[in-house]
Amino acid sequence: MAVLLGWFTFHRISSEVTDATSLAGTSAWEVITSKGDLAEAGQDVGRSLWRSAVSDIQQAFAALVVFTFVYHFLSLAVMSRTPGQALTALCVVRRGGAGRPGRSRVAVRAAVTTLVDVGWYALACYLLAEGEVVLSVLCWVVAISFFAFNAGLALMGSRRSLADRLAGVTVVGAHVRAALARIGGTVRWGGRTGP
């Protein structure tokens, strides 16, 4: 998705810069309203193109963040796993194997995952495009820190990422989930008919 958004944004910016009719119309209007200050008119056209390009880039980063959240939310809400997790026979369950996570847990996990995976980086790029270099660098530092912290949590102890911990879920192998379902079914069945 990031590659497609990059390609689309590049072509949007290219078409704005090379659209002779629109550019000529904007330039002519700037010259007419410039009161003879042609240098200022040229700068206004350049600033207009720059603002348009920055807006296109910022929209692409916003779309990437939204897509990432929707991808994680819908994958977990519908299948209890992302397509990548499905390929490796993993699924997301409530903490302690208590079944599928509800929508609120899925939303929390999707939001935190999005923030750690692309959110902070997108904000850093947005700020950089706005010319806020110091804030952009600060966001990069925060992004890398969150990424390292999240990776550390996922590799140590209970092997649960920050998103898993905040959402109250865990990632298990599909064979573990099937075993938990069988045990749960046996316990429920035994409870109803119990000896």
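The largest pocket of this predicted model holds about 280 Å³ of space. A pocket here is an open set of points on a 1 Å grid over the protein atoms alone, where a 1.4 Å probe fits, with protein on both sides within 12 Å along at least five of seven lines, and its lining residues have an atom within 4 Å of a point. Grid points are joined across faces, edges and corners, and the volume is the space filled by probe spheres set on the points. The lining of the largest pocket consists of 17 residues, and those nearest the centre are Arg109, Asn150, Ala154, Ser161 and Asp164. Helix H5 (103–129), helix H6 (133–155) and helix H7 (162–167) are the elements that give two or more residues to this lining, and H5 provides the largest share, with five residues. Sorted by class, the lining has eight nonpolar, five polar and four charged residues, where Ala, Val, Leu, Ile, Met, Phe, Trp, Tyr, Cys and Pro count as nonpolar, Asp, Glu, Lys and Arg as charged, and the others, Gly among them, as polar.

Because the model is predicted, local features need pLDDT of at least 70 and side-chain atom pairs count only at pLDDT 80 or more, whereas totals for chains, interfaces and linings use all residues. Residues are numbered from 1 along each chain as its sequence is written, and side-chain values use heavy atoms, with hydrogens and water left out.

The protein contains eight helices and two strands, and from the N terminus on these elements follow the order α-α-α-α-β-α-α-α-β-α. Helices (H or I, at least four residues) and strands (E, at least two) are DSSP runs, numbered from the N terminus. Of the 195 residues of the protein, 28% count as buried, a term that means under 20% relative accessible area, with exposed being over 50% and partly exposed in between (1.4 Å probe, protein chains only). Among contacts (heavy atoms within 4.5 Å) between residues at least 6 apart in sequence, 59% join residues at least 24 apart.

The two strands, E1 and E2, run antiparallel and are joined by five bridges; strands pair if DSSP finds at least two bridges between them. Cys91 has Val172 in E2 as its bridge partner. Strand E2 (residues 169–173) is mostly covered, since four of its five residues are buried.

Val118 in helix H5 is buried, with a relative accessible area of 16%, and, when residues up to four places away in sequence are not counted, Val118 touches Leu64, Val65 and Thr68. Thr68, which lies in helix H3, is likewise buried, at a relative accessible area of 10%, and beyond its neighbours within four places in sequence Thr68 is in contact with Thr114 and Val118.

| Pair | Separation in sequence | C-alpha to C-alpha distance |
|---|---|---|
| Val118 and Phe147 | 29 residues | 10.0 Å |
| Ile13 and Asp56 | 43 residues | 7.1 Å |

A search of the whole structure finds four aromatic pairs. In one of them, the rings of Phe69 and Phe73 have their centres 5.9 Å apart and their planes at 15°, so the pair is stacked. Rings of Phe, Tyr and Trp (its six-membered ring) pair if their centres lie within 6.5 Å, and planes under 30 degrees apart count as stacked, over 60 as edge-to-face and the rest as tilted. Phe69 and Phe73 are four residues apart in helix H3 and therefore separated by about one helical turn. Phe69 is partly exposed, with a relative accessible area of 30%.

Ser80 has a positive phi of about 65° although it is not a glycine; Ser80 sits in the loop between helix H3 (38–79) and helix H4 (83–87) and is buried, with a relative accessible area of 0%. Ala89, also a residue other than glycine, has a positive phi near 60°. Ala89 is found in the loop between H4 and strand E1 (90–94), and Ala89 is partly exposed, with a relative accessible area of 35%.
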